[in-house]
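Here is a short note to go with the model.

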Amino acid sequence: MDAISMIFEASLWAAAVRIASPLIFATLGELICERAGVLNLGIEGIMTVGAFAGWVTVYSGADLWTGVMVAALAGAAFGLLHGFLTVPLGLSQHVTGIGITLLATSLTYYAYRVAFPEVTSPPKIETFVPLEIPLLSQIPILGEALFRQTPLTYLAFIAVILVAYVLYRTPIGLAVRTVGENPAAVEAQGIDVTWLRLGAVAVGSAFMALGGAFLTMSAFNSFYFDMVNGRGWICIALVVFGSWRPGKALLGAILFAAFDAYQLRLQQLAGAYLPYQVFLMLPYILSILALIAMSRRAGYPRALMIPYRKGER
Amino acid sequence: MSDSSDTSDVVLRLSGITKRFGPLVANDAISLDLHRGEVLALLGENGAGKTTLMNILFGHYVADEGTIEAFGVVLPPGSPKAALARGIGMVHQHFTLADNLTVLDNVVLGTEPLWRARSRHAKARGRLAELSETFGLAVKSDARVADLSVGERQRVEILKALYRDARILILDEPTAVLTPQETEALFATLQKLVERGLAIIFISHKLHEVMAVSRRVIVLRQGRLVAERKTSETDRHDLAELMVGRAIPEPKVEPISLGSVALSLQSVTLEGEGHPRLQDVSLELHGNEIVGIAGVSGNGQGALAEIISGIVAPSGGTVSLFGQPVRHFDPARMVAHGIARIPEDRHAVGVVGDLSLEENVISARYREAPFSRRGLVDWKKVREFATRIIADYDVRCPGPQAATRLLSGGNMQKLILGREMAREPRIILANQPTRGLDIGAVGYVHQQLLKARGNGAGILLISEDLDELLVLSDRVVVMYRGRMSPPIARSDVAIRHLGLMMAGHGFAGQAHAA
């Protein structure tokens, strides 16, 4: 098998969709926050929280979907904290976000150590299993790539459609898009800027946590330190890549994941000739190139990172 | 403004509104009534408290004291939502539109319950079309706001209020950004609105507009309501005095013989992104002369100013100073040639706000004697110089070492004037030198420009204020889409004609001829 024919392997694309799933959730989450005008660099920490919360819930005996709910709620809680600091208090969104990431990550590790003081190898849970969609899964290549995944992956795709619908077709979505562009416009139409942004950050953070939960409840079956491993930062770039649009962000996530899946296979093929780090680098280099090509003229939300203080002069 | 509406049907009553920002009393116990079917003008200088008062009315600010009643019901303070619900609409000076959204989205925002599963756009589109038809406010409902002209954006703002069935409409400095034609169209719209029983508060500091559009005038000065007049029983002079609190001298332009050519542009062109910023612009400026440049901002005035300041080089044509063609465009060289600049945005370009007054007055000259000695700044000399400017130009400030951003707009402009005039410039580029200043400061700036003219300087005066241009300029040119009209002597200028030219009349033909 050579490097070119690998591209047409169904298993490559199945892996790409699998790798993309947590990115899709977290990118959607970041997208919602930024559309409302709040940069959320807490993403990396909130994904870690989600990964732990979902997993530990299931480990304590609850069913998988309860774990998903708990992960989302835990993410929303940290989102509210970020929102409280950046929206009504108007603190620097960069600094607060990085603080949230450090806080959330450390708290999670602490909680893990408290819950499992003695273990050497992390305990495992029964995760989501792939669910074949009848008929659709028989389509060549596409069937294996898209329709033999776990329910959480399907949920990620549904979430893209849902978020796009809410943003573009409903009054609340219109308000969110407006508040990221010009909060004064929202206030002048009688809508409360603070609550709107807080809500958006909380919901966005819940999506981020789902991205983390995917790692422990679908991709792997237990919780490791550093398992989020920079995925949150990739999502920040994917939002820009997707020009703050859910559909384009989905494409970006799949593209990045495809590079990642491809490099894993290349490693096996050519690993004897090149250090493996070169392959690890590949998706990031390609992402940077794609970013340069796609987002030079990205129309970012005009009020992104600008705190809004009512009655300020 | 028919007489039948002159019964005392009060739709809005402000009682004893007081608002403080720290030690500053922005509104001091202001009470006023607004009647159905009238245009009430709120007149006052910048900082008189007009916008603050309206922001309190609309719920952006909370008053420290006082109450607001709309249609007999007290409004809860600090709630735009409540104000909207009581039929109060506001057209803000800085538009509250989201540029990336369509007109329809901007209008519909906030008018539906937020948790509805689907926006009802079709119905909204119909209603918007109906409203724009009725009131002559033409807009394309699916256009992105970013693609609209300023006049169109304002129409969207008015439609936003009408869409919510506003019965009271507040317009905050609505004409600041409009051409004379757009202003006339706006006034016609306001007329239609009051005929249908709306009550309008029109905020302005432009006297002729207040005279033209209102039935009643309320004058604010330093946060106090100082006078109320029926428009029919007052005149511009009276209002100006009430607004400023003292008599205003009209600037006098003495006839004077022209000096030699100071600045000349021949077929100057400047390419921009996609379309040229300047196209075939020719102009001569003499000593002892003020040439006024009229035009809606964004029609090439900025490019012209950048070339003359030496910030950019023209793509084609010749710029000559005192008969010598300029080869190298560089701000330092232009300053050395005796060009002084009063920039358009004094906060961004005119001064460095966080530096002190004394640091700002030597910003172009810190390397020259006597301010620099053996490579070090002689702060004693600098301080003497700054103190002299502060005294001569009446800059109200805590002292030469105060941060410049603490100055009011007028005082900042006086400081810039002092700095530039101290170099005895031979050419002055004054770009919107009085924008945002109050009448007192405006008069001062005008006086100084005329004094410089008397001393032999040639002055290019870029302004959107036609009254200002007509008072000061010896000749006027109009800029439109990067082109410049031939100069018109002041005696031959008619405002209406200028307005038409600003909207592009007469320019297309010229394009063919060229």
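**Notes on the predicted model**

1. H446(B) is buried, with a relative accessible area of 7%. The model is a predicted one. H446(B) sits in helix α15 of chain B, residues 439–454. Apart from neighbours within four places in sequence, H446(B) is in contact with P251(B), T434(B), E468(B) and L472(B).

2. Next, a strand of chain B.

3. β13(B) has parallel partners. With β20(B), residues 458–462, the pairing is parallel over 5 bridges. There, G458(B) is the bridge partner of E289(B). With β21(B), residues 475–480, the pairing is also parallel, over 4 bridges. In that pairing A294(B) stands opposite V478(B).

4. Chain B also holds an open sheet of 4 strands. The order is β2-β1-β4-β5, and the pairing is antiparallel. β1(B), residues 10–21, joins β2(B) through 8 antiparallel bridges. Within that pair, R13(B) stands opposite D33(B) in β2(B).

5. Now the interface. 34 residues of chain B are in contact with 25 residues of chain A. The two chains bury about 2500 Å² between them, with 58% of it on carbon and sulfur atoms. Which residues of chain B lose the most area to chain A? They are H60(B), L109(B) and L114(B), which together give 25% of what that side buries.

6. Polar terms across the interface come next. Between chain B and chain A, 11 residue pairs are in polar contact, both residues at pLDDT 80 or more. The elements of chain B that give two or more residues to the side touching chain A are α1 (50–58), α2 (80–85) and α3 (103–108). That side of chain B divides into 16 nonpolar, 10 polar and 8 charged residues.

7. How many salt bridges cross the interface of chain B and chain A? The rule finds 2. R177(A) forms a salt bridge with D105(B), and the closest N and O atoms are 3.9 Å apart. The cut-off is 4 Å. Please keep that in mind when reading this pair.

8. T170(A) deserves a look. T170(A) lies in the loop between α6 (151–169) and α7 (171–181) of chain A. At 5% relative accessibility, T170(A) counts as buried. Leaving out residues up to four places away in sequence, T170(A) touches Y165(A) and, in chain B, R116(B), A117(B), R118(B) and S119(B). The side chain of T170(A) reaches the backbone oxygen of V166(A) at 2.6 Å. F279(A) is 109 residues from T170(A) along the chain, and their C-alpha atoms are separated by 43 Å.

9. Salt bridges over all chains number 30 in the whole structure. In one of them the side chains of E173(B) and K50(B) meet at 3.4 Å, N to O. This pair links distant parts of the chain, 123 residues apart. E173(B) is in the loop between β7 (168–172) and α6 (180–195) of chain B, and K50(B) is in helix α1 of chain B. Are these two residues buried or exposed? E173(B) is buried, and so is K50(B).

10. E358(B) and R383(B) form another salt bridge, at 2.8 Å from N to O. E358(B) is in helix α12 (residues 357–361) and R383(B) in helix α13 (residues 379–392) of chain B, 25 residues apart. E358(B) is buried, with a relative accessible area of 4%. R383(B) is partly exposed, with a relative accessible area of 31%.

11. Two further items on charge pairs. The side chains of D378(B) and R373(B) meet in a salt bridge at 3.9 Å, N to O. D378(B) is buried, with a relative accessible area of 12%. A network of salt bridges links E181(A), R302(A), D99(B) and R153(B).

Key
Residues are numbered from 1 along each chain as its sequence is written. Chains are lettered from A and ligands numbered from 1 in the order in which they are written. This is a predicted model: local features need pLDDT of at least 70, side-chain atom pairs count only at pLDDT 80 or more; totals for chains, interfaces and linings use all residues. Side-chain values use heavy atoms; hydrogens and water are left out. Contact means heavy atoms within 4.5 Å. Buried area is the accessible area (1.4 Å probe) that two parts lose on being put together, summed over both. A polar contact is a pair of N or O atoms within 3.5 Å; within protein, one must be able to donate a hydrogen and the other to accept it, and residues adjacent in sequence count only if both atoms are side-chain atoms. Ala, Val, Leu, Ile, Met, Phe, Trp, Tyr, Cys and Pro count as nonpolar, Asp, Glu, Lys and Arg as charged, and the others, Gly among them, as polar. Two strands pair if DSSP finds at least two bridges between them. Buried means under 20% relative accessible area, exposed over 50%, partly exposed in between (1.4 Å probe, protein chains only).
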